[in-house]
Amino acid sequence: MKKSEIHPVKLSFSVALLSVSLIAYQIVLIQILSIVQWYHFAYMIISVAMLGFGAAGTALSLFKKKLLENSEIVLPVLIVVSSLLMAVSVSLSQTEVFYFDSYKLFADLNHLWKLAATYLFFLLPFFVGALAIGLVFVKNVESVGVFYFANMVGSGIGGIAVVFMMWFFLPEKLPAVLATITFFSGILVVPKQIRSSFTIIITLAVAALTFIYINSPKLNFSEYKSLSKALNLPETEVIKSESSPYGLLQILSSGHIRFAPGLSITYPNQILASNAAFNNGNWLGTLSSTTMDSLSYFKYSTEYLPYVISQRKNVLVLDAGTGRHVKQALLQSAESITAVEPNKALIELLTKEYSNKVDSIYNKSTVKIKNVYPRTYLLSSHSKYDLIILPIIDAFGGTSGMYALQEQYLLTENAFNEMFSKLNGNGVICFSTWIDYPYKNSLKILSTVVEMLNKRELENAEQHIASIKNWNTITFMVKQKTFTENEIESIRIFCKEMKFDPLILPNLKTNEADYYNKLQDKSIYSMINQILHSQEEREKLYSDYQFNIKPATDDKPYFSQFLQWKSIRQLAEIFGNKTVAFFEVGFILLYITFFQIIIIAVVLLIVPLFKIGFKGNKKLRTLLYFSGLGLGYMFIEIILIQRFTLYFGNMIYAAAAVVSLMLISSGFGSLISQKIKAKPNRIIVIVFLIIIPLIFYAIFLSQFLKLTIIFSLPVKIIFTTLLVAPPAFLMGMPFPIGLRRLTAESHSSEGGQIPWAWGINGLFSVLGAVIAIIIAVDLGFVWVMIFAIGSYLIVLISNLTYK
């Protein structure tokens with residue numbers, strides 16, 4: 001085999017740069033699909049990226065000889081092509097011909113092939129880029145650890161670098177920026193003998209990348225997103241757009257947006273219009289000013305409930321957003337308000353450029369801003385409050401299960417337990433939910449609170465809960481102590497004056513709950529009574545009801561996941577076959593993605609495998625070894641991101657920290673593995689050492705993170721490094737050692753399995769990304785870790801049986 005003329009250092013740097021852009025491009029695609037569609041497509045992108053790597057391994061298996069013979073020319077061409085595909089894929093996906101909408105997948109079959117086309121567009125840059133990296137691996141297999149190190153470290157750096165890029169470039173600009181980095185990595189490996197003829201390609205590529213950057217595609221939001229609906233209003237336009245790792249923040253100017261949840265039918269005035277803020281196309285809140293008297297409705301709202309029974313001096317507002325609840329607390333003369341809002345970009349905007357639009361509420365001395373996740377604050381704070389208030393749950397009109405796969409740590413049973421412990425003696429937690437039909441959100445949040453109270457041995461839950469409703473909103477109030485007779489009477493008087501109905505109240509009369517605002521389906525009343533009655537009655541309701549209304553927990557924080565597979569037939573009979581999918585679009589799309597990936601995997605990997613042929617038993621052993629590595633690594637990566645989200649108080653930074661630490665540590669592990677002999681007994685020891693910390697993760701990680709969450713960010717980074725880096729270092733060793741072991745068997749058919757093994761590893765990483773989420777939603781995070789341990793046990797067993 002002809003040795004590469006490119007210096008190993010330059011070749012390693014090229015691989016590292018290409019890896020930087022590929023991992024960064026993956027994160028950018030996740031952000032873009034979160035903007036134009038919804039959050040659940042994050043896992044689709046991870047799967048598509050890994051599928052590109054798996055398909056590249058198959059291509060290497062089929063065309064290894066030809067690719068190696070022409071590698072000097074093929075390598076730079078592949079990288080440049082990957083660069084151009086990276087630049088145009090988003091543009092193509094946003095054209096009218098190929099653009100798909102999640103909601104329309106079940107109503108218009110044309111959107112199924114559009115989704116498939118989007119898969120292809122996003123797959124190709126990863127496929128071609130991975131083919132280039134794989135070609136380097138195969139040609140330099142004797143020193144594969146060095147190049148695998150460059151690949152992993154580059155990927156780790158890419159995960160960090162893209163976070164910073166998001167502050168400076170709009171999402172639609174980033175693909176061209178990353179394509180430029182990819183292009184530069186290709187230029188580095190152009191051999192001397194073809195540099196003159198390559199000049200034309202370079203010139204054309206530079207011109208194309210420049211044109212694409214200047215003429216970036218317009219991102220087409222789903223027409224069912226809140227922003228799209230708002231833009232249908234007359235004289236409405238986006239007046240401000242800012243990009244950050246928190247998403248695409250946009251301010252809308254409109255003379256027609258009005259927002260007043262829980263409003264009484266007795267309100268005598270008009271609701272004034274306000275500008276509004278959206279993040280990734282999702283509603284954040286109005287930009288309201290008291291000078292416009294846009295909050296005069298508050299005393300006519302169900303949300304006024306906590307102020308009916310007592311003055312609130314010390315208030316905690318979780319997910320404060322644009323400050324609506326903060327302003328309401330100020331209007332009620334609260335002396336100290338803590339506003340917890342994780343979106344730093346939003347706070348920056350509302351404390352500076354747009355501060356006058358919200359009466360500079362976040363600049364007031366009585367308002368303390370905490371720029372962390374609400375759960376992180378609850379776990380680290382020791383303060384006590386008269387009132388803790390949450391944002392309204394769900395969206396008006398429902399979301400059709402689009403948030404079924406989104407972790408909502410603020411709505412778990414654990415979160416409410418922490419909130420309850422932060423209350424003063426007469427303190428209350430207040431939250432509202434839209435009245436959805438079929439009833440789901442209101443029942444699930446009530447179950448969550450009741451189960452929390454029950455675990456605190458406060459069995460008479462109805463003595464600690466008050467709830468009222470208007471025609472479209474239910475407001476709940478949970479009190480540290482039981483409600484007094486005076487408080488109960490004050491609530492009744494308030495309901496009578498505002499024409500609200502008391503839904504939960506001590507000594508509630510039969511006809512009170514459905515007096516002013518009558519509901520067509522009155523089953524909600526009996527189900528509420530069932531939830532309040534006893535543990536046995538609640539369990540019966542959980543089992544019999546068509547939807548999952550069991551409380552979410554920190555181990556299964558998917559509050560908006562309501563679908564129960566056993567109820568699909570019953571739901572279809574009641575609402576019709578075409579309607580069922582819209583109850584849980586996000587969750588069903590996860591399974592659609594999974595089955596699509598299986599089909600594509602068979603086409604890209606299993607079918608070509610027949611051409612390669614099955615020779616000898618060791619091929620099965622290779623399959624078990626590299627598939628176990630792919631599944632195990634992906635399971636661990638996803639579960640650690642979920643666990644560290646609470647720890648850092650920000651999912652973006654948690655993902656960057658975990659992914660980067662794992663990739664960089666694994667890169668160093670692969671580098672050190674060059675000095676380890678490729679023998680089964682060595683691999684057995686390494687895999688055994690990997691399993692030990694995984695068992696620790698499964699049992700103690702959650703408790704350890706909660707104990708150390710009170711420390712400063714630098715200390716948290718040290719703890720994270722100590723927890724993640726050692727096992728990740730070891731996890732980087734089995735892959736290159738396995739490849740070298742196959743190389744050592746080059747005298748037999750196993751020596752030709754190297755590209756095939758590399759593709760198998762990528763393929764099962766693809767499946768692992770989706771399977772991990774399915775396990776997490778259905779069984780919980782602990783089970784994902786257990787399956788990760790099982791995957792590495794498969795790797796262990798495949799070596800124990802080695803002869």
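Reader: Helices are DSSP runs of H or I with at least four residues, strands are DSSP runs of E with at least two, and both are numbered from the N terminus. With that settled, where is Glu172 found?

Author: Glu172 is found in the loop that runs between helix H5 (144–168) and helix H6 (174–188). Before going further, please keep in mind that this is a predicted model, in which local features need pLDDT of at least 70 and side-chain atom pairs count only at pLDDT 80 or more, while totals for chains, interfaces and linings use all residues. Residues are numbered from 1 along each chain as its sequence is written, and side-chain values use heavy atoms, with hydrogens and water left out.

Reader: Okay, and which residues is Glu172 in contact with, leaving aside its neighbours within four places in sequence?

Author: Taking contact as heavy atoms within 4.5 Å, Glu172 is in contact with Ser216, Pro217 and Leu219 once those sequence neighbours are set aside. Gln31 is 141 residues from Glu172 in sequence, and their C-alpha atoms are 10 Å apart in space.

Reader: Switching to salt bridges: how many does the structure hold?

Author: The structure holds 17 salt bridges, where a salt bridge is a side-chain nitrogen of Lys or Arg within 4 Å of a carboxyl oxygen of Asp or Glu. One of them joins the side chains of Lys327 and Asp359, at 3.9 Å from N to O. Lys327 belongs to helix H10 (residues 324–331) and Asp359 to the loop between helix H11 (344–351) and strand S7 (367–370), so this pair ties together parts that are 32 residues apart in sequence.

Reader: Are Lys327 and Asp359 buried or exposed?

Author: Both Lys327 and Asp359 are buried, a word that stands for under 20% relative accessible area, with exposed meaning over 50% and partly exposed the range in between (1.4 Å probe, protein chains only).

Reader: What about Lys706, which Asp does its side chain meet in a salt bridge?

Author: The partner of Lys706 is Asp554, at 3.0 Å from N to O. Since Lys706 lies in helix H23 (residues 680–708) and Asp554 in the loop between helix H17 (535–544) and helix H18 (568–575), the pair ties together parts that are 152 residues apart in sequence. Lys706 is partly exposed, with a relative accessible area of 28%, whereas Asp554 counts as buried at 5%.

Reader: And which residues are linked with Asp554 in a network of salt bridges?

Author: The network links Asp554 with Arg375, Glu418 and Lys706. Another salt bridge, between the side chains of Arg643 and Asp555, has an N to O distance of 3.3 Å. Here Arg643 lies in helix H21 and Asp555 in the loop between H17 and H18, so parts 88 residues apart in sequence are tied together. Arg643 counts as buried, at 15% relative accessibility.

Reader: Which residues make the contact?

Author: From H21 they include Tyr633, Leu640 and Phe648, and from H24 they include Lys716, Phe719 and Met731. The residues of this contact divide into twelve nonpolar, one polar and one charged; Ala, Val, Leu, Ile, Met, Phe, Trp, Tyr, Cys and Pro count as nonpolar, Asp, Glu, Lys and Arg as charged, and the others, Gly among them, as polar.

Reader: Last topic, backbone: which residues are joined by a cis peptide bond?

Author: Tyr437 and Pro438 are joined by a cis peptide bond, with omega about -5°.
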